[in-house]
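Colleague: I have a new model on my screen and I want to learn how to read it. Can you take me through the helices and sheets?

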Amino acid sequence: MVFFQKMTPEGYKQIEDEIARLKKDRPRRIKILQAARALGDLSENTEYTEAKRDLGHLQSRLRYLGKQLKYAEIVETKDDGKVDLGKTVVLKFDDDDETEEYKIVGRMEADLADGKISFDSPLGQAIMKQEAGIVATVEAPAGEYKVTIVEVK
């Protein structure tokens, strides 16, 4: 059974852009490897070892990102007023007077520092398919807490 990763169109585009950037950098890394190989004895050639390792990391990253695209399920947002993938939500946590804004994204796109939370994180699971005004209980590893959905954009 194949498991497809849900992803926003923006997340898919980011992966495509990273693949293009890495493919563009590959010839440069191959030249570095060739130049290091030309230095002679490979058994004690740290430049060669490093260049070979760097090229291997690049190739590995390209394979990983290719699989992400292959198994991506792009989810389009619906304008139904409910929290869903690709939408932005304004939340008010029960222990804080200020609101915070997050975009709901797929697992691979999540980046809390950038204000993106995964739909299958404890917070994401608690607020998915809910409407503004709802108080949701989040069951996190550190304990339970409540959050109010102020707005769904």
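Predicted model: local features only at pLDDT ≥ 70, side-chain atom pairs only at ≥ 80, totals over all residues.

Colleague: Which residues of α1 are buried?

Modeller: First the general idea. An α-helix has 3.6 residues a turn, so residues three or four places apart point the same way. Now the case here. In α1, the buried residues are Gly11, Ile15, Ile19, Leu22, Asp25, Leu33 and Ala36. Buried here means under 20% relative accessible area.

Colleague: How many Å should helix α1 span, and why?

Modeller: Count 1.5 Å a residue. Helix α1 covers residues 9-37, which is 29 residues, so it should span 42 Å. Its end C-alpha atoms are 42 Å apart, which agrees.

Colleague: Where does α1 bend?

Modeller: At Arg26, by about 30°. A proline, Pro27, follows within four residues.

Colleague: What does UniProt place at residues 6-74?

Modeller: An unreviewed UniProt entry gives "domain: Transcription elongation factor GreA/GreB N-terminal" for residues 6-74. In the model, that span is 78% helix and 7% strand. The end C-alpha atoms of residues 6-74 lie 6 Å apart.

Colleague: Now the sheet. What is the order of its strands?

Modeller: Strands of a sheet pair through backbone hydrogen bonds, either parallel or antiparallel. Here the sheet is open, has 5 strands and shows mixed pairing. The order is β5-β4-β3-β7-β6. Strands β5 (116-118) and β6 stand at the edges. Each has a single partner strand, so one side of each is left without a neighbour in the sheet. On average, neighbouring strands of this sheet are turned by 45° against each other, direction ignored.

Colleague: What joins β6 to β7?

Modeller: A hairpin, through 2 residues.

Colleague: One last point. How do side chains sit along a strand?

Modeller: In a regular strand they alternate between the two faces of the sheet.

Note on methods. Residues numbered from 1 in each chain as written. Heavy atoms only, no water. UniProt positions renumbered as here; feature names shortened; annotations may be inferred. Pairing = 2+ DSSP bridges. Expected span 1.5 Å × (residues − 1). Bend = angle between axes of the 7 residues up to and from the residue. Buried < 20%, exposed > 50% of the residue type's maximum accessible area, 1.4 Å probe, protein only. Axes fitted to C-alpha atoms, helices over the stretch in contact; angles between N-to-C directions.
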